[in-house]
Amino acid sequence: MRKNMLLLAAICSCYNLFAEEVIVKQFRYAGPYEVKKPFLQDSLDVNSKKFTEKELLKTAIPFSNVRQSAQFLETDTNGESMLPGTSQACHIGLASFYLNSDRYVKGSLQIKGPETYEVYINNEKQTPADGKIALTLEPHRYEVVIKYLSEKDKTGSLKVTFETEAEAVVTATTDPEKRYTISDVFDGTRMRSVSLSPDGKYLLTAYQTTFPGGKTESFQQVTDRASGQVLIESSSNDYSWMPQSNLLYYTRNGLQGKELVSIDPVTKTENVLSSNLPDGWFIFSPTEEYLLFTVSEEGPKKDKDMEEILVPDDRQPGWRNRSFLHKYDLATGVFERLTYGHNSTSLNDISQDGRYLLFTSQERTLTKRPFSITTLYRMDLQTMETEALLKDPFIGRATFSPDGKLLAIEGSGEAFDGIGLNIAPGQTSNTADGQLFIYDLGSKQVSPVSKDFNPSIQYFTWNRHDKQIYLQGEDKDCVRLYVLNPSTGKIKPIPLKEDILSDFTLAESAPELVYYGESASNSQRLYSVNLKKNTTVCLKDLSKDILKDITLGEVRDWNFKAAAGDTIYGRYYLPPHFDPNKKYPLIVNYYGGTSPTERSLENRYPSHAYAALGYIVYIIQPSGATGFGQEFSARHVNAWGKRTGDEIIEGTKKFCAEHNFVDAKKIGCIGASYGGFMTQYLQTKTDIFAAAISHAGISDITSYWGEGYWGYSYSSLATANSYPWNARDIYVEQSPLFHANKINTPLLFLHGSVDTNVPVGESIQMFTALKLLGKETAFIQVTGQNHQIFDYKKRAEWNNTIYAWFAKWLKEQPEWWEALYPAKSL
């Protein structure tokens, strides 16, 4: 791994090349700490080593002592600090400071003064040579701690300097302020889910902690919501709430097989509900009388040498496997099969009285978009009578109303013969724009309740307590929570304290809501809401620790009126300590797929991390994004860059014209997946960008359509009813590959080597084209990674590659890129 923190190298023999000297003018100090000689049972240790006073320096002293200390050592005009003396026989002192670099730079740290000392940089012990340590700094804050040993009545001095390249800007300070880096995005504790007990009194929260280097630990906490007291904490049991009785349950291995165990969160009393539980994923019935299992069955295996591919999806591992529903009676232990066939069945919901099931099954229809049709069934568990309620290619999950008379069904606007569509004439609906319908089981009538509701619905739940439907939806670049009254059809927002709702949970028998989320300039916070009193309390602020000592730049909204007359929304990020009189390079980012670039702190391209490197970051939400209404999102369909690309170019030009602090000659752009396609497409249309990055981008719409696991199915959205044989204007004319000769921008391709969504060939063929054309380009393949880069080490290297490419072309600082990817004579 190319270390994020610092790279130790051989001491350079030509220090006269380092033209700039940074003198440390202040140290934070802790000590002196008295240390005493141990009892010397022998004069030599087990390795025949004789004890010396230097052994005392091994005494462990927490570095947190110096971080929290209010003592400081000042230097004289020569840069020397007098170290405190003591009457103690021997003592240890700690002196610390921070090195901040605004760019990738090499240099050397020199320590003069103490005879016996150790140096730690970001907690890693260093090995000086002749009092110097060769360092390579990335744009980070580095903590330097000098641990020294001194004798009785002996005072000494300390002088520390850092020699660096002439143009580099490195500062030494005791101020703990630091820039926001990718490590702050990776490391620390984050919430993964929340779940209230049925009565709302107790909260189950799942966490994951990521440590530097990538090791993770998961744990759960059960807390008393009123007092905040932690009742249970576990890293081994995967707890869930039972639906009625305010008990937790989990499974474990027992003497007779897998056991199902309930536990009281207050008394910790456990009760074995079943001692021979079948394998498979399950949920409790609302009555707690039985479990509903989803059991997977393995399909026919392929020949290892000559694989027959039955349908395009048969290339996917595990596609031939199917899953079916089974019922496990807790009283009798009877485990009976409920569904059977050659297509999987998926449980949607169980009625509150436990009598009826809703489940769906999908049948392939490869000759007609969207290439499958969904059938929704209702099963009476008392009689096993099963009714096919609906058959529609555009519906998804369905749930019962609390009284079982209505269904809430998610789908796209085209569901139910298009009664939920709200698009312009000639448009085709964007099927990723989620809609909600209410279906009356008695009258068989359906109502498109979200037809005039612009946010795109991501998730919904029908609450048993107040009989209302709660909707999580994309609202422009935010994710918000709404409540729908099924009787009136009215939808109202629930005021939240964060811009991005990550997860929420409702009590089943009380007006209680708990959620967590983040915003553009803070990480996760957890809140409790009393829906009756409309009061909100912050239960936990993880952001406080994650952003400790970090200064973030300001985030401002900026919208513009496009040539077509629409308002195109966006926002921009300023560097910390922004100076409006300076000129800053600009990075432009836009959506991938069709969801907007959300207003979150932590995402694939964390804008504050770019801003901390000295860039202005402009996020634009051009036509085609969901969350702005059906007509707006439908512009994504059968376009592949048309209008969207024009708006990005127009917005970038207008942004530069209105903001004098932007260097219009130093603009970069970056996007992934469809956004990677957009990066490539933009370079065929304009030369305003000085650098561009395409991650997992599509260069040839035809090859992507046929080769990616989901290429043809995504194209049912993005290229609805258009195919290579009937839409050459899209598949050829909109593909950047066929216009590669128009590209003049230095273009970096990043791609996972085993990407099954957008195959790596999409980058290879465009990279090849640009090489043959003699254009400036580079291609970095991330070995073993799929569409997204999840491996901790590789994700860090991937980000550094991005930073280094922009530094090379937007800041005229090629050193970082050349260090990562040295020139080769081949």
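Modeller: Two strands count as paired here if DSSP finds at least two bridges between them. Helices (H or I, at least four residues) and strands (E, at least two) are DSSP runs, numbered from the N terminus.

Biologist: And the ground rules for the model?

Modeller: This is a predicted model, in which local features need pLDDT of at least 70 and side-chain atom pairs count only at pLDDT 80 or more, while totals for chains, interfaces and linings use all residues. Residues are numbered from 1 along each chain as its sequence is written, and side-chain values use heavy atoms, with hydrogens and water left out.

Biologist: Start with E14. How many bridges join E13 to E14?

Modeller: Eight, between E13 (residues 188–196) and E14, which run antiparallel. Within that pairing, Arg190 stands opposite Gln208 of E14.

Biologist: What's in the turn between E13 and E14?

Modeller: The two strands form a hairpin with five residues between them, and Gly200 in the turn has a positive phi of about 80°.

Biologist: How does E14 pair with E15?

Modeller: E14 is antiparallel to E15 (residues 216–224), over nine bridges, and Thr205 faces Gln221 in E15. This is again a hairpin with five residues between the strands; here Gly213 has a positive phi of about 105°.

Biologist: How many residues of E14 are buried?

Modeller: Eight of the nine in 202–210. Buried means under 20% relative accessible area, exposed over 50%, and partly exposed in between (1.4 Å probe, protein chains only).

Biologist: Change of topic: which strands make up the open sheet of four?

Modeller: The order is E21-E22-E23-E24, with antiparallel pairing. E21 (281–284) and E24 (335–337) are at the edges with a single partner strand each, so one side of each has no neighbour in the sheet. E22 (residues 290–297) and E23 (residues 322–329) pair over eight bridges; Thr294 has Leu325 of E23 as its bridge partner.

Biologist: How many salt bridges?

Modeller: The count is 39, where a salt bridge is a side-chain nitrogen of Lys or Arg within 4 Å of a carboxyl oxygen of Asp or Glu. One of them joins Glu512 and Arg225 at 3.3 Å, N to O. That pair is 287 residues apart, with Glu512 in E38 (residues 512–519) and Arg225 in the loop between E15 and E16 (230–234).

Biologist: Is Glu512 buried or exposed?

Modeller: Buried, at 10% relative accessibility.

Biologist: What about Asp566 and Arg635?

Modeller: Their side chains form a salt bridge at 2.7 Å, N to O. Asp566 and Arg635 both sit in loops, 69 residues apart, and Arg635 counts as buried at 10% relative accessibility.

Biologist: Which residues form a network of salt bridges?

Modeller: Asp477, Asp499, Asp557, Arg571 and Arg599 are linked that way.
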